[in-house]
Amino acid sequence: MAIRNTQKLLGRFNKSINTSAVAITNSTASSSSSSSVPNIHEKKSVAAESCSSKTGKKRNESILDLENGEKLFSSIKTSYLMKSLMNQYLVSYDPIVDIGIWVMKSRLMETMVFKSLILGVVKRTFYDHFCAGENLNEASKTLESLWNVGLKGIMDYGLEDANDNFSCDRNLSEFLKTIESTKFLPPSSVSSACVKITAICPISLLKRVSDLLRWEHEDSSFHLPWKIDTFPMLSESSPFYHTLTKPNHLTSIEEHDLEQAHERLLQLSEKCLEMNLPLLVDAEYSSVQPAIDYLTYSSMIKINRHEIPIVYGTIQAYLKDSKERLLLATEAAEKMGVKVGYKLVRGAYLSSELQLASSLGCSSPIHNTIQDTHECYNECASIMLEKVANGTGAIVLATHNLNSGRVATAKAQELGLGKSNPKLQFAQLKGMADGLSFALKNAGFQVSKYLPYGPVDMVIPYLLRRAEENRGMLSTSTIDRELMKHEVLRRFKASIRSPK
């Protein structure tokens, strides 16, 4: 009787999971059909990834095992898998994302009682799943739990954009604390630290500097007296519609503030150099990216003179000019004898980029199809893997795409790169693409989870913005969810059949 009841419960669980998946998929498909182009492109990524996986399976099967859920999740508790399934289904459901965004922006958050209640619910669900903790102590415990199952961590304090030098200095202090804290963690458990230039340089100044850099690229006679050694930040295919008129030169105060931003990033870079800890500089929207690259490359030139790069820039493969800019920057770096490091991502500002370009009557800076983005990502990965092989570069391949993982590992094997090579890392967000993370780890590669941390009310708005910008990103992780679902069902069945 007990066994029959358990079997009925198991059947209901399976039916519930499948029903939820169908409901979410149907709702997402329905909303996508009447929504903007970004959702259509993102929805296609599921089919594209499945198709690519089939075509690439035979070639890479010996490198990555993405079929055996029992092996992939052997170190993961069933309770975690079930919670992960629930959270990923929920955040892939557009109405839930819409409600969350509305609540966080509503006046309810101005009322202490409602704010405490809302943040309490979020803390126990999505926050705990996708974030590492509210402070360094909690984040350190999360990192140690990852280390125990063979994964590393990328520490990221979830700071907001800065508007003045006081905020920038305060944020710098927090970033330095994060870097210092790695001394007290298990050796090699932290693969790198992160910094957002928007947190250590006023956002208004980044826009001004980007305008000036764009104008200089278009008009070589336009002299920028404050500009120091750097690599090319723009290419002929870069978007220039952000700067429609000739910008005024920086004031003396702005030049001083820019120098302060240089010093902050250099201070972080030198601290990371002292601790032999790579520093990943995040990318932002294209309106400020030239200034971010300018500051990043200037620090690379000063710091990356040793065998292992310390300062890493970020390339967003969904931009049409990403491959061209990557080639220009790496060529310039090699001529200067500078080791380049990059984090390669697909991109996080698709909706806002498309909306701005459309409002100005300009063509989108984003690739026309998700498949074009996949191809660009894989091409950029191949370029940087060759730089790793010839000793001139390093790469962090941040991807949730299974086929990109297969393609990159096959290329690494073709080039004879050692799987423990410190210049080759893979990374995924905490709470996402766990199947890919463990497949890469089981194959011998170094894999990290991106660990945003900080007080709930500070980090949740950041996560909601990411959810709003990346609609469909979580709904495309179907394969990973299927792997987890089948492993949970396998464990339930095994527990029923096991002798008492």
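Is Phe445 buried or exposed in this predicted model? Phe445 is buried, its relative accessible area being 5%.

**Figure 1. Confidence across the predicted model.** The mean pLDDT of the protein is 84, and 84% of the residues score at least 70. Over residues 1–62, however, the pLDDT is below 50, although this stretch has 73 contacts in the model beyond near neighbours in sequence. Where pLDDT is low, the predicted coordinates should not be read in detail.

**Figure 2. Aromatic pairs.** Six aromatic pairs are present in the structure. One of them joins Phe73 and Phe438 in an edge-to-face arrangement, with 6.5 Å centre to centre and 75° between the planes. Phe73 belongs to the loop between helix H3 (69–72) and helix H4 (78–91), whereas Phe438 is in helix H17 (residues 434–442), so the pair ties together parts 365 residues apart in sequence. Phe73 and Phe438 are both buried. Phe426 and Phe445 also form an edge-to-face pair, at 5.5 Å centre to centre and 75° between the planes. Since Phe426 lies in strand S7 (residues 424–429) and Phe445 in the loop between H17 and strand S8 (447–453), this pair ties together parts that are 19 residues apart in sequence. Phe426 is buried, with a relative accessible area of 1%.

**Figure 3. Surroundings of Met458.** Met458 is placed in helix H18 (residues 456–469). Because its relative accessibility is 18%, Met458 counts as buried. Leaving aside neighbours within four places in sequence, Met458 contacts Tyr157, Gly158, Leu159 and Glu160. The C-alpha atoms of Met458 and Gly158 are 7.1 Å apart, while the two residues are 300 residues apart along the chain.

**Figure 4. A nonpolar surface patch.** Leu244, Leu356 and Leu360 make up this patch, with about 270 Å² of accessible area together. Leu356 lies in helix H14 (residues 350–359) and is partly exposed, at 32% relative accessible area.

Key
Residues are numbered from 1 along each chain as its sequence is written. This is a predicted model: local features need pLDDT of at least 70, side-chain atom pairs count only at pLDDT 80 or more; totals for chains, interfaces and linings use all residues. Side-chain values use heavy atoms; hydrogens and water are left out. Helices (H or I, at least four residues) and strands (E, at least two) are DSSP runs, numbered from the N terminus. Buried means under 20% relative accessible area, exposed over 50%, partly exposed in between (1.4 Å probe, protein chains only). Contact means heavy atoms within 4.5 Å. pLDDT is the predictor's confidence in each residue, from 0 to 100. Patches are made of residues with over 30% relative accessible area and no salt bridge: like charges are joined within 9 Å, nonpolar side chains (Val, Leu, Ile, Met, Phe, Trp, Tyr) within 5 Å. Accessible areas come from the Shrake-Rupley method with a 1.4 Å probe; for residues, only the protein chains shown count as cover. A salt bridge is a side-chain nitrogen of Lys or Arg within 4 Å of a carboxyl oxygen of Asp or Glu. Rings of Phe, Tyr and Trp (its six-membered ring) pair if their centres lie within 6.5 Å; planes under 30 degrees apart count as stacked, over 60 as edge-to-face and the rest as tilted.
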